[in-house]
Amino acid sequence: MIDMTYDPDADAASIRVAVGKVAETAEAGPFAYDMDEQGRVLGIEVLAASKVLASDSVLHGRRSLTLAEIGERVKAVSDIYAARFQIERDELWHLGKLTEELGELNAAFLQLAGRGRTRGYTPEELRRNLESEAADLLAHLLLFAQQQKIDLEAALRNKWFSYLTEETG
């Protein structure tokens with residue numbers, strides 16, 4: 001899971017998205033990105049967070065985000081990242097990223113399960129990495145769905161939730 005902290009005095013939110021050694025920090029608008037040597041984002045700091053993230057209740061965890069809200073925030077971060085690295089995101093890029101992120105989730109799971117090299121990480125770090133990779137996969141699924149104009153909430157209602165009855169919830 002992504003770790004997020006909020007400093008009300010600085011009005012800054014810090015979001016840890018992956019485990020690794022910070023090699024570079026870059027700024028883009030109200031965002032500062034910590035990246036590893038491969039350019040992978042490890043953490044994001046949001047300056048003027050109460051304005052950028054819009055809802056004070058979200059910053060303090062008082063309500064959950066909707067799938068649409070999560071998708072919009074993921075897209076905003078992805079847009080900044082794509083502009084910074086001059087990435088053209090078409091349908092094949094989105095599909096390729098889903099495949100890449102599923103592979104990274106698989107590797108993180110195998111490491112945590114003791115079936116892959118742990119590279120000296122602690123069990124807690126391996127757990128955070130698994131959570132981060134799950135977040136990456138979800139984020140890229142949301143981006144793919146947006147690019148393909150798929151309403152995931154409607155698709156879930158039609159495909160999955162149609163099996164639920166009043167008795168099952």
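Helices (H or I, at least four residues) and strands (E, at least two) are DSSP runs, numbered from the N terminus. The model is predicted, so that local features need pLDDT of at least 70 and side-chain atom pairs count only at pLDDT 80 or more, while totals for chains, interfaces and linings use all residues. Residues are numbered from 1 along each chain as its sequence is written, and side-chain values use heavy atoms, with hydrogens and water left out.

**View 1. The elements of the protein.** The protein has 6 helices and 5 strands, which run β-β-β-β-β-α-α-α-α-α-α from the N terminus on.

**View 2. The packing of α3 and α5.** Helix α3 (residues 67-85) packs against helix α5 (residues 123-147) at an angle of about 95°, and their axes, lines fitted to C-alpha atoms over the stretch in contact, are 9 Å apart. The two helices are therefore roughly perpendicular to each other (65 to 115 degrees). Among the residues in contact (heavy atoms within 4.5 Å) are Leu67, Ile70 and Val74 in α3 and Leu142 and Leu143 in α5.

**View 3. Gln86 in the loop between α3 and α4.** Gln86 lies in the loop between α3 and α4 (91-112), and its phi is near 50°, a positive value in a residue other than glycine.

**View 4. Lys149 in the loop between α5 and α6.** Lys149 has its place in the loop between α5 and α6 (152-159), where the phi of Lys149, a residue other than glycine, has a positive value near 55°. Lys149 is exposed, with a relative accessible area of 75%.

Terms used. Axes are lines fitted to C-alpha atoms, for helices over the stretch in contact, and angles run from 0 to 180 degrees between N-to-C directions. Angles under 35 degrees count as roughly parallel, over 145 as roughly antiparallel, 65 to 115 as roughly perpendicular and the rest as oblique. Buried means under 20% relative accessible area, exposed over 50%, partly exposed in between (1.4 Å probe, protein chains only).
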